[in-house]
Amino acid sequence: MEFRFSDEQKMIRESARTFLHEVSTSAAVRQAMATESGYDPALWQRICEELCFQAITVPEAYGGMGLGQVELAIVLEQMGQVLLCSPFFSTVGLAVNALVLGGTETQKQQYLPEIAAGSLTATVGWTGAATAHSGGQWGCEAISVEWQETEDGYCLNGDLRYVIDGHTADLLIIAARGKDCKEGDTVAWFAVPATAVGIEREWQPSMDQTRRLARIILRNVSLPDSARMTAQTDGSKLLTQIVDLAKLALAAEQMGAAQKVLDMSVAYMQERVQFGRPIASYQSLKHKAADMMLKCEVSRSAVYYAACVAQEYLAECNSQQAVLALREAAAMAKAYCSDTLFYNAGSAIQLHGGVGFTWEYDVHLYFKRAKASELYLGAAPAQRELIASMLLD
Amino acid sequence: MKLTFTVEDEAFRAEIAQWLRTNLTGEFAALKFRGGPGDEHMFTAERQRWEKRLAAGGWTGIGWPLKHGGRGCSIEQQVIFHEEYARAGAPGRVGHIGEGLVGPTLIAFADPEQQAKYLPAILAGTDLWCQGYSEPGAGSDLANVKTRARRENADNTWRINGQKVWTSLAHESDWCFVLARTDSESVGHKGLGFFLVSMHQPGVTVRPIEQLTGTSEFNEVFFDDAVAADLIGEPGDGWKIAMALLGFERGVSTLGQQMQFQNELDEIVRIAKSNGAARDPLLRQRIAEAHIGLRLMRYNAMRMLSHTSTESGPEALVYKLHWSSWHRNLGALAMDVLGPEAEILESGPYNLTRLQSLFLFTRSDTIYGGTSQIQRNIIAERGLGMPKEAKGNLR
Ligand SMILES: Cc1cc2nc3c(=O)[nH]c(=O)nc-3n(C[C@H](O)[C@H](O)[C@H](O)COP(=O)(O)OP(=O)(O)OC[C@H]3O[C@@H](n4cnc5c(N)ncnc54)[C@H](O)[C@@H]3O)c2cc1C
């Protein structure tokens, strides 16, 4: 047992921290926010070329670095700190996992090296209008696209919502269910180039401007046999795997952001003087900051534990024990980090007073990211209900 | 990062588990799950015999160095020991203050003669210890202790005068470590000494204090020219040593404590499943939250113990606040899961059930060992570099 970073992992963290703090400044984030794509392609290319983060979890056999979920969490933590605007979460936090776990050999050979080289971005789409029912549904019940077999392949129809970077990704990995079937076991996956005929994509401007959501409409999109993914027969299982890993990725970002708003608040409180003393000397504010720090530290433990579990899970996918361990660890991390970031970002506004309410200060960017990340893949109560069902039913 | 234990460690786990299975039988079977916090007044004689059985098996001082008679176990093995100990439901240790606090402190600060005098009896489970820090005027503000230590010219011994309060298990103890002022002119952290005082002498009077549980685990202790058997370190070193001792409190035993928390949570889950509380959406949320909190506490402790350097990380700073708040919530959850049945006593006039005890006793978790407010001050000041609290002039 050894629950600390190796020297190599520390190096990754340091280089990620240094680089990202340098390039993803407040000005850079605000510039990216104002674009339709939501990120600066030149910066993304620099990240791909100089740091190769996009290749981190791509297996070496496909031109990647073949590193694990712990390294991925390390990088995501730093990205969360600076609210990096980039297609990283969609490409690496979603699509690479989908391809590695569910792609055919041909698809892996075709797409993974391109992703690793930084020449292809990708995302995963499964969420239809039903995703918004009952306060958020992110499992098979959210799937709205329908597939049908045709003479020489498949045909897809449907309407996807809330797809992260869906309007810019080069490759769309789409879950669909058999036409007129509702059961999970008819879920199938397809790797679809965004340029395929019949695909219409549209940015859905959202409150959190540091990450883009899109709507994708598929009208009789016809695909060859080779577009169908997976050695895995059970498409719903693949969805659970992707979602579990994505929860972990999101939690890592949330944890980094939660630490950053705490740091920003402490710095501000040290500087701001009222009643003749720095407001940092007021005990009610110190205690608030202490609670924020506790939440950050516990979040950190949650994320890195879940990352270790995810790593073990990927090493031995098929064991039922590993599946459950990952499901539990990811739900715990997502629950705790969602609450933490929302608490910390909300508190940060309060600790900043009036300036916390301005557009000019960055606090609101974290607050908005907090709510968006909290809701995506299910807020804390949904994660806790998942844990409760594992524990009590 | 690795979460698995080595083959040798797993063998060690099998060894202690087997030992507990064989030994936690006969007269000791009744002690299972007894004697933890809130239950420390129960079965004391039997638990003292159990302590000796442990010692005979070589299971006391397992983390102490070999040359001091310990077992020299690695951190991992200590973790495993505490896990298996709690998993088996082995009873609360009457010797925990001696083994966990006094021993490591003496190993770090006492001279060899003193070490030879006290350590063997701690390991053998024969001498029990209590902690004489708090006083009526010195609670959170521990540096305000007024108890005095005076060097007797005739025989060169130190004599202690003053009053301690909230002294847990003083009525069962053979020895007390006492923080007292060696320099009567001094104030605050300076001029303090760390003394070892026998409880078996005319100058020491112990008066039990009844707790809100109706039981008495802590006491007032009066020192009236009591003889101190030893001063550890030099006069003036008291604060440094007293603080170092508190540092040992956050040691590996926390993982054993967590296993006991797990036993408590398991019981609550069992009740929730049987009485239908498990179907209530709000209680489901709270049970899940408790489960998550405990798991994360474990990972936090694992991070804490994985630190190689002597310097502890930020996760150690938040640990007490985290577990004590969590445990307090668990006590309330236990009552809410039971519903009105929570009110019914084990028996009259005031015998609490285990969960009632948990509910009531956990209110002290956020007070002793540094209150939650003091923890937050420390986190803000040491962890975040925020300004120190201003001191008043009424001390
Ligand atoms: C069950 C139990 C067992 C104990 N066992 C022992 C033992 O064996 N040996 C021993 O020496 N002591 C023991 N204690 C004493 C314990 O350490 C003290 O109770 C504790 O340090 C608090 O001191 P106090 O009770 O004087 O409260 P006070 O210090 O008077 O605190 C009262 C309230 O004021 C708050 N407060 C105080 N100062 C500040 C500040 N600067 N900023 C913000 N808030 C503040 C506190 O948080 C608390 O809420 C025990 C206590 C309990 C409850």
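A polar side-chain atom of B:S168 lies 2.8 Å from a nitrogen atom of the ligand, a polar contact in the sense of a pair of N or O atoms within 3.5 Å; within protein, one atom must be able to donate a hydrogen and the other to accept it, and residues adjacent in sequence count only if both atoms are side-chain atoms. The model is predicted: local features need pLDDT of at least 70, side-chain atom pairs count only at pLDDT 80 or more, and totals for chains, interfaces and linings use all residues. Residues are numbered from 1 along each chain as its sequence is written, chains are lettered from A and ligands numbered from 1 in the order in which they are written, and side-chain values use heavy atoms, with hydrogens and water left out.

The ligand sits between chains A and B. It is surrounded by 18 residues, the closest being A:Q283, B:S140, B:W166, B:T371 and B:Q373; a residue is near the ligand if one of its heavy atoms lies within 4 Å of it. From chain A, a polar side-chain atom of A:Q283 comes to 2.7 Å from a ligand nitrogen atom. From chain B, a backbone N or O atom of B:S134 is 2.8 Å from an oxygen atom of the ligand.

The two chains also meet each other. Their contact (heavy atoms within 4.5 Å) takes 44 residues from chain B and 45 residues from chain A. The size of an interface is often given as the accessible area lost when the parts come together. Here the area buried between chain B and chain A is about 4500 Å², with 65% of it given by carbon and sulfur atoms; buried area is the accessible area (1.4 Å probe) that two parts lose on being put together, summed over both. Seven salt bridges cross this interface, a salt bridge being a side-chain nitrogen of Lys or Arg within 4 Å of a carboxyl oxygen of Asp or Glu. A:K286 forms a salt bridge with B:E389, and their closest N and O atoms are 2.7 Å apart. Between chain B and chain A there are 18 residue pairs in polar contact, both residues at pLDDT 80 or more. On the side of chain B that touches chain A, the elements giving two or more residues are α7 (253-275), α8 (281-305), α9 (314-317), α10 (319-338) and α12 (372-383) of chain B. Helices (H or I, at least four residues) and strands (E, at least two) are DSSP runs, numbered from the N terminus. The largest share of that side, 13 residues, comes from α8(B). By class, the side of chain B that touches chain A has 20 nonpolar, 12 polar and 12 charged residues; Ala, Val, Leu, Ile, Met, Phe, Trp, Tyr, Cys and Pro count as nonpolar, Asp, Glu, Lys and Arg as charged, and the others, Gly among them, as polar.

Within chain A, there are three parts: domain 1 (7-119), domain 2 (124-227) and domain 3 (235-392), with bounds from an automatic or database domain assignment. The C-alpha centres of domain 1 of chain A and domain 3 of chain A are separated by 20 Å. In their contact, 24 residues of domain 1 of chain A meet 33 residues of domain 3 of chain A. The pair buries about 2300 Å², of which carbon and sulfur atoms give 67%. More of the area that domain 1 of chain A buries against domain 3 of chain A comes from A:Q69, A:L83 and A:L101 than from any other three residues; they supply 26%. Two salt bridges cross between these domains. A:E77 forms a salt bridge with A:R300, the closest N and O atoms being 3.4 Å apart.

Chain B is divided into domain 1 (7-94), domain 2 (129-238) and domain 3 (250-383). The C-alpha centres of domain 1 of chain B and domain 3 of chain B lie 22 Å apart. Their contact involves 10 residues from domain 1 of chain B and 12 residues from domain 3 of chain B. About 1100 Å² is buried between these two domains, 67% of it on carbon and sulfur atoms. One salt bridge is found across the interface of domain 1 of chain B and domain 3 of chain B. B:E83 and B:R298 join their side chains in a salt bridge at 2.4 Å, N to O.

Some local details remain. Over all chains the count is 43 salt bridges. A:R46 forms a salt bridge with A:E50 at 3.0 Å between the closest N and O atoms, and both residues lie in helix α3 (residues 41-51) of chain A, four residues apart, about one turn of the helix. In chain B, a cis peptide bond with omega of about -10° joins B:G348 and B:P349. B:P349 is in the loop between α10 and α11 (354-365) of chain B.
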